[in-house]
Amino acid sequence: MTVTHAAAAPPATRTGAAAPEPAGRTRRPRGRRWATAAFHTGASLISVVWLIPIAVVLATATRSFDDIAAHGLGALPHSFTLGAFRQAWVDGGQQQALVNSMIVTVPTVLVTLLLASMAAFALSRYDVPFRRVLLLLMLSGNLLPPQILLIPVSKLSERLGIYDSLYSLIGVQIGFGVGFYVFVLHGFMRAIPAEIQQAAVIDGASPWQIYSRIILPLARPALAALTSLAFTWIFNDLLWAITVLRTDSKMPITASLLGLQGQYVSQWNVIAAGSVIAAAPTVLVFLPFQRHFVAGLNLGAVK
């Protein structure tokens, strides 16, 4: 007897029932789509508003003085020249000022982060007496307004014999920055699991080896974020520069930019070119550290 098997028919569906959507596709609510569109539109408008002053400064820096005098500062460019950059770089003293800023900024960032990372390692990984008191003192020191310390810092640098020298500016920047960096790095290093350090101790690693080979690589996102922030803060600082320095040839780029504005009062193209020169190093430093900077912020938010 031969038995034939009929193909199984699909189950009957009700008339008017909606067919199921393909797997993997989700339909977002209409209100959520409108919210996403509004967010992107608002972010785009804010970005345009943020970029307009930068575009105006760049356009002004590449215009000639005769073009600005004839058509006005807000008119469309009718000329293109890089002479204002040469005038600001050579005649305006921006070249020497940029060298002074780099001499102050690079050693200050390296020394400050080195001292801060060592102090944060000790305070976060070991039972240091009065650990919380030390952290609170470092944090409270950063809460003081710097204006009330201008005269004491100036007098102290005179007593030490380093007034009107780049060494005094380096010392001031290190002294006022290390406390904040210790406080930030302490939070990152404290979140590192203690089992990693215990395994290194069992393997015979010394405290210096634990610090240099284990803790520092794990804290690299935080160090990269602080590097970009510290470079920006120190490079753009004006208050401490005019407090402990007096000679024009020793002024950093921000103080030199003030002198440039006084020297070229009506030549807006030269002033704009000097502003671009002063802003370029911080942009060039931030771009390589951008990925680590965002990772450091996200890591701090999660922790």
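## Nonpolar cores

The largest nonpolar core has 43 residues, and Leu-169 and Leu-185 touch the most other members. A nonpolar core here is a set of buried Ala, Val, Leu, Ile, Met, Phe, Trp, Tyr and Cys residues joined through side-chain atoms within 4.5 Å. Buried means under 20% relative accessible area and exposed over 50%, with partly exposed in between (1.4 Å probe, protein chains only). The model is predicted: local features need pLDDT of at least 70, side-chain atom pairs count only at pLDDT 80 or more, and totals for chains, interfaces and linings use all residues. Residues are numbered from 1 along each chain as its sequence is written, and side-chain values use heavy atoms, leaving out hydrogens and water.

Helices α4 (94-125), α7 (166-190), α9 (207-218), α10 (220-235), α11 (239-244), α12 (253-263) and α13 each supply at least two residues of this core. Helices are DSSP runs (H or I, at least four residues), numbered from the N terminus. α7 gives the most, with 10 residues. Apart from this core lies another, of 11 residues, including Ala-88, Leu-257, Ile-271 and Ile-277.

Beyond its neighbours within four places in sequence, Leu-169 is in contact (heavy atoms within 4.5 Å) with Val-104, Trp-240, Ala-241, Val-244 and Leu-245.

## Two partners of α13

The axes of α3 (residues 83-91) and α13 (residues 268-286) come within 8 Å and cross at roughly 70°. Axes are lines fitted to C-alpha atoms, for helices over the stretch in contact; angles run from 0 to 180 degrees between N-to-C directions. α3 and α13 are therefore roughly perpendicular (65 to 115 degrees). Ala-84, Phe-85, Gln-87, Ala-88 and Trp-89 of α3 meet α13 residues that include Asn-269, Val-270 and Ala-273.

Ser-228, Phe-231, Thr-232 and Phe-235 of α10 contact Ala-278, Pro-281, Thr-282, Val-285 and Phe-286 of α13.

## The two sides of α6

In α6 (residues 150-159), Val-153, Ser-154 and Ser-157 are buried. They lie on the same side of α6, because they cover an arc of only 100° around the axis. The arc is that of the directions from the helix axis to the C-beta atoms. Their cover includes α7 and α11.

Ile-151, Leu-156 and Arg-159 are exposed on the other side of α6. After α6 comes Gly-161, with a positive phi near 75°.

Conventions
Parallel < 35°, antiparallel > 145°, perpendicular 65-115°, else oblique.
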